[in-house]
Structure formats: structure tokens, C-alpha cells
Amino acid sequence: MQTPPEPMLPGPRTAPDAAPRVLAERPPGLGPLTAWTTEVTLPAAGTFASPARGFPRADLVYALPGAAPQLLFVEVDNGTESPEVLADKVARYAAFFKRPADSRRPAHASTGPALWHTVWPHAAPEDRRRLAHPPVAVVFTQDTGP
């Protein structure tokens, strides 16, 4: 990921009438930094402004229409959490992904879209049919051992 290329001014600043050079296009596979959001509240109950206790908070969310994947949740583990705590986080992500947009109805009785579909509507329709939820990547910053 990178910001859009910015023009570079030619030579010294003493040539104000010289046209700026434009950098080459970015390589395929790189997108804008604005596709990333940090510390995103994912309320399995409650609201985004006032989530229920124990809600998951994604360390990073990548959302970029036309990319593959178009939506990705990232959980970063610095090696300070036990496998049980990490498994519980994954279960809380699953609870959020199952939450219906119409929260007055239980997830198993809802016929409408899941809440995450309404928050990130650009997620490809074929992905929503194929996947129960977008992928969650767990990034380990240290060797966690066996």
C-alpha cells in the first residue's frame, strides 16, 4: 500500500516556470493508504457508538473496491495473548459477521443482509454469496513457537 504518486519539482527551486515531473504509475497490487482503517469497532451487540461489552475491535480493516480481497480484517498478535484468548477473539469476529442488519431479529431468523454487508457495501456480491464473512488475517509479530 502506498499513497498516490506526487509530482516532483525539477531541479532547484529557482526555476518556477519549469513543469513538474510526474512519477511513474505505481506497480500492480499497490493501493492507497486510505484503504486501511485502524481500531475498528465491530459490535456483535449494541451500536458502533456504544458497543456491548466484549465486542471485537479489528486492529486493521482493509477495504478497497476492485481489489482482491475487497475487504480484509487484520488482527495483530504481538505474542502476548494465549491461544485461548486469540480463539475467543476469532469467535467474537464470527458473532459480529453473523449479526443481522435488523438487530431486532436473531441472526438465525434474519432474511436480510448481515450488518457487515451494510457497513461495507462495496464488497463484491459474489464474495458475499461465496463467503459467510470476509477473511480475518492473524499476523504474528514474533515467533509464537509450536
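Asn78 is located in the loop that connects S3 and H1, where helices (H or I, at least four residues) and strands (E, at least two) are DSSP runs numbered from the N terminus. The model is a predicted one, in which local features need pLDDT of at least 70 and side-chain atom pairs count only at pLDDT 80 or more, while totals for chains, interfaces and linings use all residues. Residues are numbered from 1 along each chain as its sequence is written, and side-chain values use heavy atoms, with hydrogens and water left out.

With a relative accessibility of 42%, Asn78 counts as partly exposed; buried denotes under 20% relative accessible area, exposed over 50%, and partly exposed the range in between (1.4 Å probe, protein chains only). When neighbours within four places in sequence are left aside, Asn78 is in contact with Thr141 and Gln142 (contact: heavy atoms within 4.5 Å). The side chains of Asn78 and Thr141 make a polar contact at 2.9 Å. A polar contact is a pair of N or O atoms within 3.5 Å; within protein, one must be able to donate a hydrogen and the other to accept it, and residues adjacent in sequence count only if both atoms are side-chain atoms. A separation of 6.1 Å is found between the C-alpha atoms of Asn78 and Phe140, which are 62 residues apart along the chain.

Side chains of opposite charge can pair when their charged atoms come close. A search of the whole structure identifies 3 salt bridges, each defined as a side-chain nitrogen of Lys or Arg within 4 Å of a carboxyl oxygen of Asp or Glu. One of these links Lys89 to Glu75, with the closest N and O atoms 2.8 Å apart. Lys89 belongs to helix H1 (residues 83–98) and Glu75 to strand S3 (residues 71–77), so this pair ties together parts that are 14 residues apart in sequence. Both partners, Lys89 and Glu75, are buried, the relative accessibility of Lys89 being 17%.

Lys89 also forms a salt bridge with Glu81, for which the closest N and O atoms are 2.9 Å apart. Glu81 counts as partly exposed because its relative accessibility is 28%.

A further salt bridge joins the side chains of Asp88 and Arg92 (3.1 Å, N to O). Both residues, Asp88 and Arg92, lie in helix H1, 4 residues apart, or about one turn of the helix. Asp88, at 40% relative accessibility, counts as partly exposed, and Arg92, at 24%, likewise counts as partly exposed. Through salt bridges that share partners, Glu75, Glu81 and Lys89 are joined into one network.
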